[in-house]
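Thanks, everyone, for making the time this morning. I would like to walk through some side-chain contacts and one piece of surface, so please have a look at the structure as it comes up.

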Amino acid sequence: MLVNTHKQLLITFLILLIGWSAEAQVWTLDQSLDSALQYNRSLEMAKNQVSAANLKHDESKSQLLPKLMASGDYRYFTEIPYQFLPQAAFGGPEGTYNPVQFGVPHNFSANLSLKMPIYDAQILSGIKISETYQEMTDLQRFRTEEQVYLDVSHLYYNAQILKNQLIFLQQNQGNGQKLERNTRLLYEQKLASGTDLDKVMLQNQQLASQVLRLENQYLIVIQQLKLNIGLSLEREFEIDPEILLGEEQIFDAGMTSDFRIQELKEKAVSQELRALKQSKIPSLNLIGNYGTTGFGYGGAPESFLKFYPVSFIGAQVSFPVFNGTITTKRIKQKELELTNAFIQKSLIQDQNLVQYQSATLQQKTAESQILTLQSQIKLAESIYAKTLLQQQEGLATLTDILLADNAIRDSQQQYLNALVDYLKATLELKKSTGTLLN
């Protein structure tokens with residue numbers, strides 16, 4: 001009997017332990033953001049793009065390194081090439097030539113060619129441009145981090161609002177059930193009509209439908225949140241429903257990632273324009289070659305295959321003379337592109353300032369409304385409770401109670417709207433001042 005009791009206690013403990021471990025873990029906003037910045041797939045792709053940009057920059061710098069190429073060639077001449085020899089070289093008359101076949105049928109060559117740029121304006125410009133794009137790609141990765149921060153924060157705040165709305169509705173359901181019991185009791189005592197009871201029941205059914213709809217919306221938002229922070233969609237997950245308003249912070253308008261990216265775009269266009277103008281500058285390369293040339297003959301009276309070395313070292317100058325005005329037209333296009341880049345940078349700066357001013361005003365307004373609406377909710381709940389007591393004493397009608405109930409719901413909804421405005425304005429402030437990830 002004692003053994004069976006111990007078995008039952010052990011089984012009960014295991015069931016409780018399994019039930020406790022199966023509960024959804026509550027994630028804070030900071031935990032969600034940390035997970036997103038580590039596992040978000042969009043951010044992972046942005047990091048890969050940074051690595052690709054670094055390799056591209058290394059590729060540009062490698063253009064300055066010597067290039068060594070090996071080549072080989074074999075030719076069998078079915079007809080030996082002809083050359084014309086002047087007869088004057090052999091005592092003949094001037095202006096007369098005789099065709100003569102030179103060479104042997106079998107020709108071999110093997111060479112190692114070296115080329116190293118000594119000065120090339122195009123290569124140097126390309127290195128500077130790739131360095132600018134490298135910085136830009138890193139900033140784009142930073143902007144992706146900011147976007148992930150914004151997306152996760154919006155989803156988390158949305159989930160918190162839905163959770164608080166559900167809490168309010170569940171409280172309202174409790175009030176509605178209590179009202180339905182009171183009204184049913186009055187109906188049974190012939191002190192309330194059947195229409196009054198139907199009104200209360202209809203309101204409770206509407207509340208139940210709203211709760212079901214919000215629960216489904218909450219589950220959808222949670223799935224989207226898990227997707228953004230890199231969690232398995234099957235994993236149990238819960239958010240902290242408490243919305244904490246941070247201490248008032250003073251944000252100074254600064255350079256955002258969009259503004260800095262646009263600055264680098266303008267810089268890159270300027271460098272590309274300079275590279276086009278420098279394309280008219282001659283380039284100088286060191287060249288060299290070491291190899292061997294072979295000649296073979298397989299006929300009478302003697303067959304042979306002989307190889308002779310060939311090598312040289314020198315310099316090569318390239319100078320563009322005329323390319324059909326293509327460079328001139330490209331320069332004009334790039335100048336227009338540079339003008340647009342400057343205008344775009346100015347536009348982004350003004351947009352950030354407008355966004356900053358608007359978010360500051362919206363945050364202050366929402367913060368004031370939150371404090372006011374909190375007191376309004378308490379007042380509306382007090383009025384509802386008093387009206388419910390008055391109804392029991394026959395001093396208030398069902399209409400008075402429904403009006404008081406609607407006042408509670410309206411205050412709750414306005415309070416949640418003010419919270420949404422405050423949270424949204426805070427994120428906009430951080431975005432417009434470039435302090436999202438601080």
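Predicted model: local features only at pLDDT ≥ 70, side-chain atom pairs only at ≥ 80, totals over all residues.

As for cover, Phe304 counts as partly exposed because its relative accessibility is 30%, and Tyr297 counts as partly exposed at 29%.

Turning to the aromatic rings in general, the structure holds 6 aromatic pairs. One of them joins Trp27 and Phe237, whose ring centres are 5.6 Å apart and whose planes meet at 40 degrees, so this pair is tilted. That pair links distant parts of the chain, since Trp27 belongs to strand 1 (residues 25–27) and Phe237 to strand 6 (residues 237–239), 210 residues apart. Both Trp27 and Phe237 are buried. Separately, Tyr74, Phe108 and Phe307 come together as one aromatic cluster.

Finally, the surface: which residues form a nonpolar patch there? They are Leu64, Ile118, Tyr119, Leu124 and Ile281, which together have about 410 Å² of accessible area. Among them, Leu64 sits in the loop between helix 3 (41–61) and strand 2 (67–76), and with a relative accessible area of 38% Leu64 is partly exposed, which is over the 30% that a residue needs to be part of a patch.

Conventions:
Residues numbered from 1 in each chain as written. Heavy atoms only, no water. Patch = residues over 30% accessible without salt bridge, like charges linked within 9 Å, V, L, I, M, F, W, Y side chains within 5 Å. Areas by Shrake-Rupley, 256 points an atom, 1.4 Å probe, with all protein chains shown as cover. Salt bridge = Lys/Arg side-chain N within 4 Å of Asp/Glu carboxyl O. Helix = DSSP H or I, 4+ residues; strand = E, 2+ residues; numbered from the N terminus. Buried < 20%, exposed > 50% of the residue type's maximum accessible area, 1.4 Å probe, protein only. Phe/Tyr/Trp six-rings, centres within 6.5 Å; stacked < 30°, edge-to-face > 60°.
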